[in-house]
Amino acid sequence: LVRQSNGKLFDLEKSFVCENQNCIPYEKVCDLHDDCGDGSDEKSCINHFKCDPSSDSNREYVPLSRVGDGVYDCSNYADEQTTCHKHIIEEYPLKVSSWIIGSVSIFLNGAIIIKSTSKLSSTRTSPGLFNSLLIIVISVGDLLVGGYLLAIASADVYYRNNFCEKQFDWLASWKCSFLGVMSTVGSQISLFSMTVLSFLRVCQIVKGLTASEPVNKNTIARAMFLIVGLLSISLVIALLPLYERYEDTFVNAIHYQK
């Protein structure tokens, strides 16, 4: 008996008939490659490991001899699940520190923001206004970093048992990108604000503490311009790695959905 498949004639006695009615030579059955197009030529084989047995669309196979050998052959690390112990935060002291530092940072910086904001209306001098605003911005930046630590610690708990399998999905997700932007904005805006605050205080010392300009509309406009400028620069630095043109320069893990 002869059957035509994909423009070729196949002897049915020497060919494997796929579930989709295509035909392939028997030597291509169980060769760790989906030759049928529906995976049926690898379906009942016992010489390989299927990386994602729950998925019909993922037909990635590795030899049994390469399962648990310490080398990741599957894109989802499934062949090393028994030996893989990866976590987002590897060391236990770092896990605990992230929870503690993150919580304390949010609580203390939140208190500083509330207290400093309540005093703004009573500020009468330009140096005092700039100092108060920059302290608030520094606290906001540190609060963002604290929030980042809590979020990353929460993600570590969420992916605790299957991070090896979900690693690429996590690294390529919007959640990971958002946390990266959050931590970068927080750290950069704190750094820039502390730098500007130090510079302004040096200027105060040079000019003399008695030469204090009263708060007026120009002072408020300059202060707002400074804060918006610091925030804008921090956002640009944080968002630049997400820009397609530069993503290969900054991103260290790329995952393409199949």
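Is C45 buried, partly exposed or exposed in this predicted model? C45 is buried, with a relative accessible area of 13%. The legends below treat the cysteines of the structure in turn.

**View 1. Disulfides in the structure as a whole.** A search of the whole structure finds 3 disulfides. A disulfide is a covalent bond between the sulfur atoms of two cysteines. The pairs are shown separately in the views that follow.

**View 2. The disulfide of C18 and C36.** The sulfur atoms of C18 and C36 lie 1.9 Å apart, and the two residues form a disulfide. This pair links distant parts of the chain, 18 residues apart. C18 belongs to the loop between β3 (15–17) and β4 (23–25), whereas C36 belongs to the loop between β4 and β5 (48–50). The link of C18 and C36 is left-handed, with -75 degrees about the S-S bond. C18 has a relative accessible area of 2%, which is under 20%, so C18 counts as buried. C36 is buried too, at a relative accessible area of 5%.

**View 3. The disulfide of C30 and C45.** C30 is joined to C45 by a disulfide, with 1.9 Å from S to S. Both C30 and C45 are in the loop between β4 and β5, and the pair links parts of the chain 15 residues apart. Because the torsion about the S-S bond of C30 and C45 is about -85 degrees, this disulfide is left-handed. The two partners fall into separate classes of accessibility: C30 is partly exposed, with 27% relative accessibility, whereas C45 is buried, with a relative accessible area of 13%.

**View 4. The disulfide of C51 and C74.** C51 and C74 form a disulfide in which the sulfur atoms are 1.9 Å apart. C51 lies in the loop between β5 and β6 (61–63), and C74 lies in the loop between β6 and α1 (92–120), so the pair ties together parts that are 23 residues apart in sequence. About the S-S bond of C51 and C74 the value is -75 degrees, and the link is left-handed. C51 is buried, with a relative accessible area of 3%. C74 also counts as buried, at 2% relative accessibility.

View 5. Is C203 buried, partly exposed or exposed? C203 has a relative accessible area of 24%. Buried means under 20% and exposed means over 50%, with partly exposed in between. C203 is therefore partly exposed.

Key:
Residues are numbered from 1 along each chain as its sequence is written. This is a predicted model: local features need pLDDT of at least 70, side-chain atom pairs count only at pLDDT 80 or more; totals for chains, interfaces and linings use all residues. Side-chain values use heavy atoms; hydrogens and water are left out. A disulfide is a pair of cysteine sulfur atoms within 2.5 Å. Helices (H or I, at least four residues) and strands (E, at least two) are DSSP runs, numbered from the N terminus. Buried means under 20% relative accessible area, exposed over 50%, partly exposed in between (1.4 Å probe, protein chains only).
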